[in-house]
Amino acid sequence: MANNNNRNGTQARKVMVVADPTRESAGALQYALSHAVLEQDELILLHVENPNSWRNTISTFLKMPSLGSSTTASLDLGGGGAATATAATTTGGEGEVDFIEEMKNACRVSQPKMRVRVLRVDMDGKDRASTILLHSNNEGVDVIVIGQKRSLSSALLGYKRSGGGSVKGAKMLDTAEYLIQNSQCICVGVQRKGQSGGYVLNTKTHRNFWLLA
């Protein structure tokens with residue numbers, strides 16, 4: 001595979017953000033745009049569709065606040081650009097939001113020259129973590145960024161790596177922890193702490209690392 005370099009000789013990377021209609025996913029994108037990607041990189045928005053839970057997905061989709069309203073304000077993208085992104089992603093008078101389009105628009109405002117690609121995939125009988133891992137490997141991703149909703153149980157389990165990275169182990173770990181432990185590339189679990197509270201980051205080598213916004 002040929003290396004993609006910019007004018008300064010810096011190698012372009014592939015950064016994958018796991019895209020879902022959740023606050024955790026929005027926080028992961030905020031972190032990626034402000035701290036993880038450069039304009040020469042390619043950002044892949046990966047959405048894993050689960051046909052078995054489409055009713056729950058649609059319900060969450062309709063209730064999710066617009067990235068351009070309450071959440072994009074914390075992206076620090078600037079008033080004009082954020083307003084444009086909001087207008088482009090609300091439809092009709094019902095306030096429905098296409099979260100993938102919201103995320104793409106936020107990327108365009110933050111990094112206008114960066115290539116953004118959407119990848120929608122099915123689970124095909126696999127669990128969500130294994131599906132993300134498979135496609136990150138197939139795409140040759142350099143960094144995975146995933147929103148992480150921490151609890152005491154997941155925090156404790158995060159330190160217990162499952163033997164052999166088995167699918168059985170994925171049931172014991174949440175998706176983010178499984179990817180952190182088993183991905184071939186760097187995986188960053190992101191917890192957004194309010195609009196100005198910064199981020200708590202987890203990787204294989206750093207646990208609960210606090211990063212100011």
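Biologist: Is E42 buried or exposed in this structure?

Modeller: The relative accessible area of E42 is 9%, so the residue is buried. Here buried means under 20% relative accessible area, exposed means over 50%, and partly exposed lies in between, with a 1.4 Å probe and protein chains only. The model is a predicted one, in which local features need pLDDT of at least 70, side-chain atom pairs count only at pLDDT 80 or more, and totals for chains, interfaces and linings use all residues. Residues are numbered from 1 along each chain as its sequence is written, and side-chain values use heavy atoms, leaving out hydrogens and water.

Biologist: With which residue does the side chain of E42 meet in a salt bridge at 3.6 Å?

Modeller: Side chains of opposite charge can pair when their charged atoms come close. A salt bridge is counted when a side-chain nitrogen of Lys or Arg is within 4 Å of a carboxyl oxygen of Asp or Glu. The partner of E42 is R115, at 3.6 Å from N to O. Since E42 belongs to strand β2 and R115 to strand β5, the pair ties together parts that are 73 residues apart in sequence. R115 itself is exposed, with a relative accessible area of 52%. Both residues also belong to a network of salt bridges that links E42, R115, R117 and E139.

Biologist: How many salt bridges are there by this rule?

Modeller: The count comes to 8. One of them joins R128 and D20, whose closest N and O atoms are 2.3 Å apart. R128 lies in helix α6 (residues 128–139) and D20 in the loop between β1 and α1, so this pair ties together parts 108 residues apart in sequence. D20 is buried, at 12% relative accessible area, whereas R128 is partly exposed, at 25%. Another salt bridge, at 3.7 Å from N to O, brings together E101 and K104. These two are 3 residues apart in helix α5, which places about one helical turn between them.

Biologist: How many residues does the largest nonpolar core have?

Modeller: In soluble globular proteins, nonpolar side chains tend to be buried together. A nonpolar core is a set of buried Ala, Val, Leu, Ile, Met, Phe, Trp, Tyr and Cys residues joined through side-chain atoms within 4.5 Å. The largest one has 24 residues, and those with the most contacts inside it include V17, L29 and V190. Helix α1 gives the most to this core, with 6 residues. A second, separate core of 20 residues includes L119, I132, V141 and I180.

Biologist: Where is T203 found, and what does it contact?

Modeller: T203 is in the loop between β8 (199–202) and β9 (209–211). Its relative accessible area is 14%, so T203 is buried. Leaving aside neighbours within four places in sequence, T203 is in contact with I180, C187 and V188. I180 is among the buried residues of α9, a helix (residues 175–182) in which 7 of 8 residues are buried.

Biologist: What is the mean pLDDT of the protein, and where does pLDDT stay under 50?

Modeller: pLDDT is the predictor's confidence in each residue, from 0 to 100. The mean for the protein is 75, and 62% of its residues reach 70 or more. Among the elements, β1 has the highest mean (98) and helix α4 (residues 79–89) the lowest (33). pLDDT stays under 50 over residues 54–96 and over residues 158–172.

Key. Helix = DSSP H or I, 4+ residues; strand = E, 2+ residues; numbered from the N terminus. Contact = heavy atoms within 4.5 Å.
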